[in-house]
Amino acid sequence: MMRWKKSILSAGFIFVYTFFYAQTDISGNIIDSTSGNRITNANINIIFRDSLNAQIFEFTKAKNGRYYHRFRYRYNLMIIKVVADKNYQSRIITVKDPFKHQHLHLDFSLKKQRVVDLNPVVVKVRKRIYKKGDTIRFHIKQFTDGSEKKLKDIIQKLPGLEIDEEGNVTFRGKKVKTLLLDGDNIFDNDYNIATKHLNANTVKDIELYGHYNENEALKNLKQSDEMALNILLKKNKVDFSGDIYLGVGKDTDKNTKIDGETTILNVSKKIKGFSVGSYNNIGINHSPENFYKPFFAVNYFENTQVKAAYPIDEPYFDLPLQEKRILNNRQKFANINGLIPVNKKLKLFFKLYYISDNITSGKSDVTKYFVRDSTINYINESELRKNPLLLHSNFKLFYAPSRKENIKFTSKIYRKTIGSVNSNFFQNTNHFIDALGITDVFSHQKLIFTKRYRENSAIQFLADFGSNNVSEKLTMSHPEVDTTAIQNVIHNRRVFSLQSSLYTAYKNFNSDFLIGFFNGSDRFINNKILSGNRLLSTNDIIDTKGFIKIHSVYTLIHWKIETAFSQTWLQRNITIGQTTGKFQKPFSLFIRLNWIKSSYFRISTFFNKIKNPIDGHYILNNAYFINFNTQTEYKNVLDTYTTQSSGIDIKFSKSMIWYEIQASINQQKNGYIPAFTLSDNQSRIVYNFHHQKILSKNIRFDAETFIYPINTNIRLDAHFGQIENLSKINSSHFEKRKMNIYELKLSSGTFITKKLSFKTKFIYGLSETPEFGQSISDVNGSFDIMGRTGYFSFVIKNNCFWFPHYPDAFYWFTDVDIDFIPVKTFSFEIMLRNIFNKKNIRFTNIFPDGIFYDSTKLRPAFLMISATYSF
């Protein structure tokens, strides 16, 4: 029996050896097609591929005009490419079924290159897009037509890049976090200052970094997926340059409109700086902050560890359309960003800005009730006014004695005051006024030391400390009955943390390990005054925690495995009448598996699980009640909630053509809503809000192509989402809601000629709630034409908004800019805004017993004439 086994194994070994190692060989001569002689002293490569676009599998070199090679692999189709020196043309042949023969003999005859003397004419052809590693360089002359005024006008014409109304940039749907000016980060997190105000004439090219790491000592050690844009400036134009712009006009209501701006760019060996000063009352936000929305700061979540929450929610504008179509403002903005190289080792960065604004918006609700043969009208009108004032400073010192060691100190301080008045007229006669004053003082300092003590390892120490004091005063008055209620709420937050990190890299393995300590304290003071009665309460929260985080990335041929784990030990003590405490161990786990066939195709799947404590900041978000008969008792604020998510991500890209499919499932238990009980002493009704379970499913498809011959950029985004919300009201009552979300987005930018281009965008969105039989859809479209001829340039922007579920809810806006540029340093402009718009945006709901109209006043159209001087 053993002999038979040995015979079978021997036969199998002989077959495998014969199949894999008895391969075909090839030989031949390389000759000159003119002389017939062998090409000697030439470095000739013979390259074997299985397709024209595949990578090189095998190659050999010819010596003295002769070559010989034995194949290591089998091919059904073989493409052979012969390359000599620059004096000869290359030669490509295709051989089908090459392994029919044990030996191939092929001679190659190479022709000499034709030499054309172009002297004295030199022709240079620059690629539109140049890619090297994770860096993409856009040669903007190939994409612009001369009608661009600011940096944002250039960015929106580059394939793959998008920029929103606030000046934030995304590339293929991923946010760009940093903007550099000739390699220096002088804008920090408020880079939209540059995208909104930097003159387009100063920009030479734009680079996009796919894996940007600002710390040179952690290069190739810390895994980073952050994206950065580097703006390359024209050398002889930016030593000291700027613009002075002023526009004056009238709207259809005969109100005077003003828009003015001054920008200065200074680049020298002693300083690199950019400053802006502006004023406008045409509804444009020139600042990096957005006071028009509930979360007004662009970097609101940047310092969530230090940031104190607003116990009383700040009022916000209800904006069914873009804020520039609705809001009236009087904004003053001044900013200066600078980088001073003190010496070769020390750099000083500073940022200062001032914002003052007066924002108003009017809204009216009209309700018609049908009572038998008569109609009763109720008219409710409201006006919201906000007066924000912000003083902001940011300083950063960077000391690097060598490329392997550096120290960075940052300090951010700001003072913000927001006064808002909401005036309401209910049922034609009743008048209520809500006035809220907010004072927000913020301070945050950070010290970071980094040292690379070996080529494959580095350490980093971080000390972080900060404070935030928020004071709010709410006044509710009823002039008709002379009743006023006042509530003062103060939230003081102090934090301190220490962290130590170790970064290592060994061959295909990268990891970083972090250990840290954190201490945070919050104090809430709530003071209510109604008809001379006062109620004062003080609540304290103290968090003390230690934590570790481990992150690793392992790469093996086509596979890339990424894992991240964090564990926290938290002791939270809360004083609400009496002190209670609880020890918790929240954690997070993340696993991502990538299969990368090539730089063009990859598949990744991920799993993420997070267990977090309910944030103590929010226990007072719903805690203010002017009615003193209502008592508030908080329970379970020490509970945790768990979030799980998983999904798959497929990406395919080739040159500037890419496709991406994403699918994910998210599940959240013991939701973010703090559990509390409201007890009304009069009616003895008790409401219990315990927890909720959220299940969401998302499928997203993104695709973009850039076709060079006709200079066309087309992008398609499709998204389907489903959200299920199961809320536990009490032990026996559950409430379930489901919402389906559909979104389709198609955009393109086509450059017809060098002097004319157009860009289109179409967005369709639909959300439906089957349990309530509700569905709401909206359509948003735009069509822009830009061009330049001679001394004139023009931009025509058309926007349409359509809400199919509401009668007559279709709106069209046209903006026209015509520039006359007699010389490079001076230009005139005629601006027309909000052409063809209506006076109000109106939503109509029809019910069996009445009709409800929800109306928001729109900004009137206006004409403005402006002039710009560049120096």
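Predicted model: local features only at pLDDT ≥ 70, side-chain atom pairs only at ≥ 80, totals over all residues.

Colleague: How much space lies in the second largest pocket?

Modeller: The second largest pocket holds about 530 Å³ of space. It is lined by 27 residues, and the closest to its centre are Asn328, Ser361, Gly362, Glu383 and Lys857.

Colleague: Which elements give two or more residues to that lining?

Modeller: Those are strands E21 (359-371), E22 (374-402), E23 (405-426) and E47 (850-857).

Colleague: And which one gives the most?

Modeller: E21 does, with five residues.

Colleague: How does the lining divide into nonpolar, polar and charged?

Modeller: Four residues of the lining are nonpolar, 14 are polar and nine are charged.

Colleague: Changing topic. How many bridges join E19 to E20?

Modeller: Ten bridges join E19 (residues 331-341) to E20 (residues 346-356), and the two strands run antiparallel. They form a hairpin, with four residues between the strands.

Colleague: What stands opposite asparagine 335?

Modeller: Tyrosine 353 in E20.

Colleague: What is the strand order in the open sheet of seven strands?

Modeller: The order is E9-E10-E14-E15-E13-E12-E11, and the pairing is mixed. E9 (129-132) and E11 (161-163) are the edge strands, each pairing on one side only. On average, neighbouring strands of this sheet are turned by 30° against each other, direction ignored.

Colleague: In which sense do E12 and E13 pair, parallel or antiparallel?

Modeller: E12 (residues 169-171) and E13 (residues 174-181) pair in the antiparallel sense, over two bridges. Phenylalanine 171 has lysine 174 in E13 as its bridge partner.

Notes: Residues numbered from 1 in each chain as written. Heavy atoms only, no water. 1 Å grid on protein atoms, 1.4 Å probe; cavity = no way out; pocket = protein on both sides within 12 Å on 5 of 7 lines; lining within 4 Å. Points joined across faces, edges and corners; volume = space filled by probe spheres on them. Nonpolar A, V, L, I, M, F, W, Y, C, P; charged D, E, K, R; others polar. Pairing = 2+ DSSP bridges. Axes fitted to C-alpha atoms, helices over the stretch in contact; angles between N-to-C directions.
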